[in-house]
Amino acid sequence: MKTLKFTDGAEMPILGLGTWKSAPGEVYQAVKEALKVGYRHIDCAPIYGNEKEVGRALTEAFDEGIVRREEVWITSKLWNNAHAPKAVQPALEQTLKDLQLDYLDLFLIHWPVAQKEESVLPESPSDFLSLEDRPIQKTWEAMENLVDLKLVRHIGVSNFSIPKLEQLLQAARIKPAMNQIELHPYLQQPQMLDFCKKNNIFLTGYSPLGSSDRPEGLKAENEPVLLQDEKVAQIAAQKEASPAQVLISWAIHRGTAVIPKSVNPARIQQNLEAANVVLTPQDMAALESLDKARRYVDGTLWTMDGSPYTLTSLWEE
Ligand code: A2P
């Protein structure tokens, strides 16, 4: 498996298992199955509501000798209601406790959006704190402290725009090593790809298959279905691969990490085998032509009337 090599020599397997939307009752089997068939990278977050089950699967896999802790790359994220500098370490410690780990390989600020401590998902505009009230730079200093304490090996961000990355790079003592964002042929973000390459920031693409299992409230009407795209299907047929495999392989060919979610054993295996699907420059060019700058996870959760956040301030595009 191809890896992304960090400056300290650590290697992150380029393909990992996503766990957003994996129900607590399903994620235990999914993680165990994934580790059995050879996944060595699991992407988690406390807001997914399933870290305890992921932790149970990890511990069992270690105890049964399926894999050793140091052979698996584990990412988790800081939720929006824990941006206060004093809340960062306790939030990480809760995640470590739930995952039954003593360190993470990568810890990300999940969104450039701050909420009050008591708010898990915002229900009214008063649940938010603006970035002036809760500056990212202060949250980042607390993230850096976790590296000093060896509780996390690397730190990064998620859903950050280029201007937000620029600001953070200027202020950071430890530079962000990763930006995890939505990436797939309908949302290719070429400028972000360029910017991150120049600044030694790796990218991980979430929702690589279009996340059609998102809750209805997060879906737009008549949204295009990535897994049913004709061109993707054509390329898949030529390779005797599935459309999902083409989408995963596309991400790997661009040098971005990718974390398809599945709780189905056959699809977990199929997605791992996507790493062997070879795309030609012609295939990549055909896929490049599909870009629609189409976000499935558009951030409207954070932009209700009266919120300090707008889609423009979030994505800065
Ligand atoms: P399931 O978990 O039942 O396999 P994303 O990674 O973009 O969030 O997409 C996840 C969605 O894609 C889930 O509905 C998941 O269903 C489905 N999925 C995962 N792998 C495949 C695959 N190989 N073929 C078709 N659908 C898949």
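**Ring talk**

Reply: Let's begin with F202, which is partly exposed at a relative accessible area of 23% (buried is under 20%, exposed over 50%, partly exposed in between; 1.4 Å probe, protein chains only). This is a predicted model, where local features need pLDDT of at least 70, side-chain atom pairs count only at pLDDT 80 or more, and totals for chains, interfaces and linings use all residues. Residues are numbered from 1 along each chain as its sequence is written, and side-chain values use heavy atoms, with hydrogens and water left out.

Me: And F6, buried or exposed?

Reply: F6 counts as buried, with 5% relative accessibility.

Me: OK, switching to Trp. How are the rings of W111 and W302 arranged?

Reply: Their centres are 5.4 Å apart with the planes at 65°, so that pair is edge-to-face. For Phe, Tyr and Trp (its six-membered ring), centres within 6.5 Å make a pair; planes under 30 degrees apart are stacked, over 60 edge-to-face, the rest tilted.

Me: Where do W111 and W302 sit, buried or exposed?

Reply: Both W111 and W302 are buried.

Me: Which residues form the aromatic cluster?

Reply: W79, W111, W302 and W315 make up one cluster.

Me: What lies over the face of W315?

Reply: R295 does, 3.7 Å from the ring centre. To count, NZ of Lys or CZ of Arg must be within 6 Å of the ring centre and within 35 degrees of the ring normal.

Me: And over Y186, which residue?

Reply: That's K292, at 4.5 Å from the ring centre.

Me: Last one: how many aromatic pairs does the structure hold?

Reply: It holds 6.
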